[in-house]
Amino acid sequence: MRVTPERCIATLLTGLACAGCVWAQPAAPAAHHVPGGFVNNDAHPPNASFWAWQWERLRNGLPKAPPQGWNLPAVKTDAALLRSPAANPSMTWIGHASVLLRIGGKNVLFDPIFSPRASPLSFVGPKRLVPLPIEVAELPKIDVVMISHNHYDHLDEDSVRQLANMASGSPHFLVPLGLKQWFAERGITRVSEADWWQGFDEGPLRVTFVPVQHWSRRTLTDTNTTLWGGWVVEGEELRVIHVGDSGYSNDFRDIGERFGGFDMAFIPIGGYAPRWFMQVMHLDVPEAVRVRADLRAARAIGIHWGTFENLTDEPADEPPLLLARQRAEQGLRIDEFDVMQIGETRSLRGEPVGLWVVPALGLPWGAG
Ligand SMILES: [Zn+2]
């Protein structure tokens, strides 16, 4: 692969979006609060060299897009349906880790990214692979926005600015410890910070921040100075978890035990390659299937794949194919761990609801 200035800048930005770093691990199990920031609950090896990964992918020209392009499922979101009372409770996958829930009469948005790139710059960095299925202006009033951690593909500045300025009023932003200041610097003040296991009442909803194994960095000097985690939402007799971004850890078994199971889990299934670099911070597909079991989730949807180019090295359309293989090997039904089309809305209760369930397209993973 030719080394162009754009490729070099993109390489640096990829490092800020999802790549590795080294930080000291506590000698013994310790609180996750340490001087200057936070650490994970489980001890794990320090992350491998980001530059060794970049050299490897440059040498091998990864990821390699096929000439005909990736096979990615996407539909335009039915915005009118999202504003109608009939679509409650529902889930809409907006792409990557962005998920909209309608539950308990509230609209809840996780890790919103509506920008053309997952990048600090508008003209370079990982680009969207399929069109954005819905614009911020088309959304119903958003009551709560939950941010999992401070990486560019999960906390997008332009998106949170647009949401804070919605004509219907600013949502309540729930963010990990250390991030309130970042919002305040941008004039966004309806913000609450959460530590692991801390809960909030949002009208009829109970919302709790939970530990996962990950890290945070936005600039070259703020590594792990803000916390990371997943979010649990309980309401309308449903318990839902959005894992955010994570490697495999004992946190999931702990969360499953503490909550006694989930009706729905949004679990990342992309971002796993190469394993020698990503294992600490990103699940692969077999690990994601274990996470569903650890969480005791009746159903799961695989997120964090198929949306932005070049974030990691696996083919962009591979995760759902590996998921179909895992289902077959483990005897799981498709509704127990499925994927959605980007932009698609489904019932949170699992049963088809009226006309707003988009029919399967007959893609390879639709039959698994
Ligand atoms: Zn991340």
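Two residues are in contact here if their C-beta atoms, placed from the backbone, lie within 7 Å. Keep that in mind for the packing later.

Now, the ground rules. This is a predicted model, where local features need pLDDT of at least 70, side-chain atom pairs count only at pLDDT 80 or more, and totals for chains, interfaces and linings use all residues. Residues are numbered from 1 along each chain as its sequence is written.

How confident is the predictor? pLDDT is its confidence in each residue, from 0 to 100. The protein averages 85, and 86% of the residues score at least 70. Over residues 7-29, though, pLDDT is below 50; the model still gives this stretch 52 contacts beyond near neighbours in sequence. Residues 353-368 also stay under 50, with 27 contacts beyond four places in sequence.

Next, the overall build. There are nine helices and 15 strands. These are DSSP runs, numbered from the N terminus: helices are H or I with at least four residues, strands are E with at least two. Of the 368 residues, 48% are buried. Buried means 20 or more other C-beta atoms within 10 Å of a residue's own; exposed means 12 or fewer; partly exposed is in between; again, C-beta atoms are placed from the backbone. Take the contacts with a separation of 6 or more: residues 24 or more positions apart account for 72% of them.

On to the sheet. Seven strands form an open sheet in the order β8-β7-β6-β5-β4-β3-β15, and the pairing is mixed. Which strands stand at the edges? They are β8 (191-194) and β15 (345-347); each has a single partner strand, so one side of each lacks a neighbour in the sheet. On average, neighbouring strands are turned by 20 degrees against each other, direction ignored. The axes behind that angle are lines fitted to C-alpha atoms, for helices over the stretch in contact, and angles run from 0 to 180 degrees between N-to-C directions. Look at one pair. β7, residues 172-176, runs parallel to β8 over four bridges. Two strands count as paired if DSSP finds at least two bridges between them. Leucine 174 sits opposite serine 192 in β8.

Now the core. A nonpolar core is a set of buried Ala, Val, Leu, Ile, Met, Phe, Trp, Tyr and Cys residues joined through C-beta atoms within 7 Å. The largest one has 88 residues, and Val99, Leu101, Phe173, Val233, Ala265 and Ile267 have the most contacts inside it. Leaving aside neighbours within four places in sequence, leucine 101 touches Met91, Val108, Val233, Val240 and Leu348.

Helix α9 next, residues 319-330. Its twelve residues should span 16 Å at 1.5 Å a residue, and its end C-alpha atoms are 16 Å apart, which agrees. That expected span is 1.5 Å times one less than the number of residues. Among its buried residues are Pro319, Leu322 and Gln326. The buried residues of α9 pack against α8 (285-295) and β14 (297-303). Glycine 331 follows, with a positive phi near 65 degrees.

Most residues other than glycine have a negative phi, and most peptide bonds are trans. Tryptophan 197, not a glycine, has a positive phi of about 75 degrees. It lies in the loop between β8 and β9 (199-202). Arginine 296, also not a glycine, has a positive phi of about 60 degrees. Its loop runs between α8 and β14. Finally, a cis peptide bond joins alanine 273 and proline 274, with omega about 0 degrees.

Notes: pLDDT = per-residue confidence, 0-100.
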